[in-house]
Amino acid sequence: MSSTNPIAAPPLATSLIAGWRGIVLVAITYIYFLIFAQFAFLQRLTQLHIADAHLKAVMAAMALGGILFSLLTPRLEILNPRPASSARVRSALETPRTRLHLALIACAAAALLTLLPLNLPASITVAFLIGAALGTLTVTLVTHLPLWIGATNPLLKVGLGTGLGYLLCNFPPLFTATAQTQAATAAILCLFGIVASAVSNEPTTPGAPSSETASSSPKVGPKEPQLITFPLILLAFTALIWLDSAAFIIIQTTPTLKANTWQGTTHLYLNGLLHLLAALLSVYLLRRRGLATTLAAALLALATACLLLQDPHRAALASLFYPIGVSLYSVALVAYPAFLSPAATLAQRARQAGLLYAIGGWFGSAMGIGMGQNLGHIPPLFVLAAATLILLPQLLQTRRRELLATTALLLIAACAWATQNSLTPTPQPLTQIQRGRQVYIAEGCINCHSQYIRPNTPDVLLWGPVQTLADLRAQRPPLIGNRRQGPDLSNVALRRSPRWLRAHQINPAALSHNSIMPPYSYLFREPDGTTTRGDDLIAYLETLHPIRDQPTTHPLTTSTSTTTHGDTR
């Protein structure tokens with residue numbers, strides 16, 4: 001009788017089932033960083049009225065915690081945990097599973113702490129805890145990833161974990177949830193990660209080496225050229241994360257770009273699908289073409305997105321390239337220190353992971369966000385420098401014919417780009433009123449104020465004449481609103497002067513004693529003689545009346561924010 005089981009699962013399915021814990025841990029780590037650390041925490045800080053210099057101090061504390069603990073965590077590997085047969089008991093911190101659990105507990109605690117009414121010192125402390133927990137989690141996870149992901153098909157599992165993480169981040173009910181809901185979800189996922197990582201893929205045969213004490217991980221993928229050294233790989237990842245973070249913050253803070261990239265159910269589902277497909281493409285490239293080709297492909301996609309973002313008219317096209325580039329390098333960011341690095345020992349692999357996430361991850365992200373905030377765009381020369389850094393070592397390894405072909409393609413692409421830019425008309429600058437309308441949208445005034453007088457209701461007596469349906473349809477986008485925590489603003493210019501509106505924006509309680517509206521004094525913090533965002537907002541509010549013609553609305557203005565406002569009485 002044959003001993004073969006005719007209904008046994010195929011090898012691929014078996015390996016995926018065996019490595020589900022690693023897939024889950026990679027996905028949870030990405031979800032925590034993207035949904036909580038990048039979105040929910042920042043939204044929560046806005047709700048706590050932490051902005052400007054105070055906001056920079058909070059985010060600097062997070063970066064400091066991430067860099068510090070990314071560099072400190074590898075030092076624990078130098079202790080070289082003793083074999084299980086040793087009579088001496090290992091320290092708890094010498095066990096990677098325990099370190100992972102502690103990091104996940106710290107991540108969950110930090111997420112739950114943000115639900116409290118934090119002041120500035122408490123926010124800085126929580127931000128440092130988020131960075132420290134993430135630094136410990138990421139370095140520990142990738143250093144010992146074979147412990148949970150197994151040795152068969154590791155790249156595919158990393159790709160699935162990364163792709164699923166990004167897919168869930170773009171799941172509309174989660175992406176559009178409140179900051180409190182996102183923080184609670186992140187904490188629950190961390191606790192689930194503790195349960196998932198409690199059991200590992202360790203050998204059960206007595207005397208067999210444990211994956212916890214293994215000195216190396218299975219090497220997969222083609223051998224990289226000798227010129228592709230770790231310092232160059234570190235610089236390449238830093239450049240990619242720099243580009244990614246700069247593009248992210250520019251999209252996030254620009255209403256027009258945000259509306260055309262990741263607002264709306266269709267955009268979110270499309271982004272999630274692109275992330276998942278790009279993650280699987282990254283797995284294929286890492287297996288067949290190697291790390292250098294994968295990073296080059298990620299650069300091509302990200303550079304294209306960054307250049308397209310220079311023109312708001314091309315934001316929809318940029319939204320296709322951006323998730324592809326991000327997922328291409330994100331898979332490699334996990335796979336390289338875990339499986340692709342030529343490190344000979346566990347301690348060496350841990351040190352490389354620490355440097356990769358401290359410099360490439362935290363430092364590169366901070367520099368990219370700073371570039372996006374200060375410049376508002378990504379200089380093409382910086383994109384060119386990043387391309388040179390990533391592509392040059394690989395081009396030096398190619399044959400002369402391939403090098404000439406690549407150069408010709410780049411020249412043709414540059415000529416086509418220059419021709420298209422010369423034929424594209426330069427958009428007209430926005431007027432102050434149009435800029436003010438963008439401030440109204442970006443600051444989330446629509447969340448508490450309506451601009452709609454309901455016919456045949458007391459609204460007409462309280463707020464003035466009813467707008468026609470044609471007037472409402474002419475707005476792009478309509479700012480009717482979905483709630484009224486403050487008064488309707490359809491005719492606010494008939495009730496309040498510009499001076500009153502300015503004073504009320506700076507300190508609402510000084511003019512309306514029971515006002516729940518938070519102060520927006522930061523909108524007016526510019527050097528004397530300079531038009532501020534607050535001045536633009538007041539100029540827009542002064543156009544809200546039924547007598548004079550409404551201002552021409554910029555055709556690309558769209559709603560973006562979920563920040564809560566109070567009233568403008």
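User: Which residue does Asp535 meet in a salt bridge?

Analyst: This is a predicted model, in which local features need pLDDT of at least 70 and side-chain atom pairs count only at pLDDT 80 or more, while totals for chains, interfaces and linings use all residues. Residues are numbered from 1 along each chain as its sequence is written, and side-chain values use heavy atoms, with hydrogens and water left out. A salt bridge is taken as a side-chain nitrogen of Lys or Arg within 4 Å of a carboxyl oxygen of Asp or Glu. With N to O at 2.6 Å, the partner of Asp535 is Arg502.

User: How many residues apart in sequence are the parts that the pair of Asp535 and Arg502 ties together?

Analyst: Helices here are DSSP runs (H or I, at least four residues; strands are E, at least two), numbered from the N terminus. Asp535 lies in helix α24 and Arg502 in helix α22 (residues 498–506), so the separation in sequence of the parts tied together is 33 residues.

User: Are Asp535 and Arg502 buried, partly exposed or exposed?

Analyst: Buried means under 20% relative accessible area, exposed over 50%, and partly exposed in between (1.4 Å probe, protein chains only). The relative accessible area is 22% for Asp535 and 34% for Arg502. Because both values fall in the middle class, Asp535 and Arg502 are each partly exposed.

User: What is the distance between the closest N and O atoms of Arg435 and Asp536?

Analyst: Side chains of opposite charge can pair when their charged atoms come close. Arg435 forms a salt bridge with Asp536, and their closest N and O atoms are apart by 3.1 Å. The pair links distant parts of the chain, Arg435 being in helix α18 (residues 432–442) and Asp536 in helix α24 (residues 533–541), 101 residues apart. The distance asked for is 3.1 Å.

User: Where does Glu443, which meets Arg533 in a salt bridge, lie?

Analyst: The side chains of Glu443 and Arg533 meet at 3.1 Å, N to O. Arg533 is in helix α24, and the pair ties together parts 90 residues apart in sequence. Glu443 is buried, with a relative accessible area of 10%, whereas Arg533 is partly exposed at 36%. Glu443 itself lies in the loop between α18 and α19 (459–463).

User: How many salt bridges does a search of the whole structure find?

Analyst: The pairs described are Asp535 with Arg502, Arg435 with Asp536, and Glu443 with Arg533. For the whole structure, the search gives a count of three.

User: What is the volume of the largest cavity?

Analyst: On a 1 Å grid over the protein atoms alone, a cavity is a set of points where a 1.4 Å probe fits but cannot get out, and lining residues have an atom within 4 Å of a point. Grid points are joined across faces, edges and corners, and a volume is the space filled by probe spheres set on the points. The search of the whole structure finds three cavities of 30 Å³ or more. The largest has a volume of about 750 Å³.

User: How many residues of the lining of the largest cavity are nonpolar?

Analyst: The lining has 38 residues, of which Tyr30, Phe33, Leu34, Gln38 and Tyr166 lie nearest the centre. Helices that each supply at least two lining residues include α2 (20–47), α7 (154–169) and α15 (346–375). Ala, Val, Leu, Ile, Met, Phe, Trp, Tyr, Cys and Pro count as nonpolar, Asp, Glu, Lys and Arg as charged, and the others, Gly among them, as polar. Besides twelve polar residues and one charged, the number of nonpolar residues is 25.

User: Which residues does Thr294 touch, not counting residues up to four places away in sequence?

Analyst: Thr294 is found in helix α13 (residues 291–308) and is buried, with a relative accessible area of 0%. Contact means heavy atoms within 4.5 Å. Thr294 touches Ser282, Leu285, Leu286 and Leu328.

User: How many helices does the secondary structure of the protein come to?

Analyst: Buried residues make up 49% of the 569 residues in the protein. The secondary structure has zero strands, and the number of helices is 24.

Notes. On a 1 Å grid over the protein atoms alone, a cavity is a set of points where a 1.4 Å probe fits but cannot get out, and a pocket is an open set with protein on both sides within 12 Å along at least five of seven lines; lining residues have an atom within 4 Å of a point.
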